[in-house]
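Please examine the model shown here, with attention to one of its pockets and to one of its strands.

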Amino acid sequence: MPAPCRVAVIGAGAAGLATVKALLDVGAEPVAYEQGDRPGGLWVRDNSSGLSPAYASLHLNTSKGRTQFADFPMPADWPDYPSADLVAGYLADYCEEFGLGAHIRFGTTVTSVERSADGVGAGWTVTSDAGDGGTATERFDAVVVANGHNWDPRWPDPAYPGTFDGSQLHAHDHRTAEVFRDRHVLVVGMGNSAMDIAVDASHVARGPVLLSARHGVHIVPKYLFGRPSDATGGALAVLPWRLRQRVAETMLRLAVGTPQSYGLPAPAGGLFQNHPTISDTILHRLTHGEVTARPGVERLDGDHVVFTDGRRERVDVIVWATGYRVSIPFLSERWLGADPERLRLYKRVFHLDDPSLCFVGLMQSTGAALPVVEAQAKLAAAHFGGSYALPSPDDQRRAAAHALRAAVERWGERRPAMRIDFDQYVADVPRELAAGAARLKRGARPFTAARTTPAALADQDRSAP
């Protein structure tokens, strides 16, 4: 019998936890590295890593039935949209339920991940820092990157012209509304965090909160026709996406009107193309005058901000809800290319040059993340456990290229390589697992630790049917 595959998992948030569980389920030996002092990653507001963007009012914007792990349902008595603190507790319970903690090294930062190059043994060399000033180096047969991509704030680049005398913060640093009390507030952005922060601030700010954006988005309430809105969308998943789009846009227009009805800019793309903002409360605050829409920022002017329509408004604090960069600092450009957002992967999991390097969670979903990372973790684990064989490298590259073309057609040039359709993806993974099992029956050789050297990979490339 071959030795169990030893796998380094980078991160112990939702993606890392699902990966550790899936690897244990197939008899592999995972070792997870986590910067924070507890499981749950970005959902844990007081995590010692300091990387969490979670704020006190944060709740799921996808319903619990469409967000929970299939292997660990959320409690039936929970609300449809649990708070971030409940989700953090849920992930901690998941970790405890499946005995994952014993396989996680908390308070440990991975500084580099490289292919072993000295010809001794096989696999990957992982270098880490436990915070005591020293470093540790270990070898693994495979690596799964699960470090998330909502922790490295993206600021406006280039910065807006002019100078600003007030305070500025990124949405990542927002925790409670108290910082906005009796101040004139501007929030820049149209995503979920921007809407939440504008609503938070509107209860304590001086005058209406200004909400600025150059481009609009669809705003979807959390309930449509008495049901969670994502459940309504899920019922349409059997339809082609363009037909789903027309039906869903009609339902949304009948239920709440258009963003323009509330003074917001028109959406830049159709529903299911650009990610919608999920919020009940922002429309309420807009219609009551507690939040006021503004166009894009033209320039900063001391204690004022000038907008593209020429209006000049007093502002004491600006919140830049301008998103996040994808950062994987421990991998070199050899593995990531010039831009990690453009990295092509087979099934958004397997590196095309070396499938002993996998990614779980490096995607942007039209729905919840947890079912997707659970599916991805099971796919990677099946590969490392020997029950699933990949198609040939050429077929993997063709499939990745086809997926990219389809994504560009649907979503345009904004992160197309990362985009997935939630319902299609979650439904596709079981089919892919069955196809990989069938490839084994046709003679494809499974992954084993002894065959992870570059020479062995080349041999595997030649032999894959």
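**A pocket and a strand**

The second largest pocket holds about 620 Å³ of space. Of the 25 residues lining this pocket, Ala-403, Ala-406, Arg-419, Ile-420 and Gln-424 are the closest to its centre. A pocket here is an open set of points on a 1 Å grid over the protein atoms alone, where a 1.4 Å probe fits, with protein on both sides within 12 Å along at least five of seven lines; lining residues have an atom within 4 Å of a point. The volume is the space filled by probe spheres set on the points, which are joined across faces, edges and corners.

This is a predicted model, in which local features need pLDDT of at least 70 and side-chain atom pairs count only at pLDDT 80 or more, while totals for chains, interfaces and linings use all residues. Residues are numbered from 1 along each chain as its sequence is written, and side-chain values use heavy atoms, with hydrogens and water left out.

Helix α10 (393–411) is among the elements that supply at least two lining residues, and α10 gives the most, with 10 residues. Helices are DSSP runs of H or I with at least four residues, and strands are runs of E with at least two, numbered from the N terminus.

Strand β21 (residues 317–320) directs Val-317 and Val-319 one way and Ile-318 and Trp-320 the other, and all are buried (under 20% relative accessible area, 1.4 Å probe, protein chains only). In a regular strand, side chains alternate between the two faces of the sheet.

Strand β21 pairs (at least two DSSP bridges) in the parallel sense with β11 (residues 185–188) over four bridges, where Leu-186 stands opposite Ile-318. Four bridges also join β21 to β10 (residues 167–170), again in parallel, and Leu-169 has Val-319 as its bridge partner.

Notes. Buried means under 20% relative accessible area, exposed over 50%, partly exposed in between (1.4 Å probe, protein chains only).
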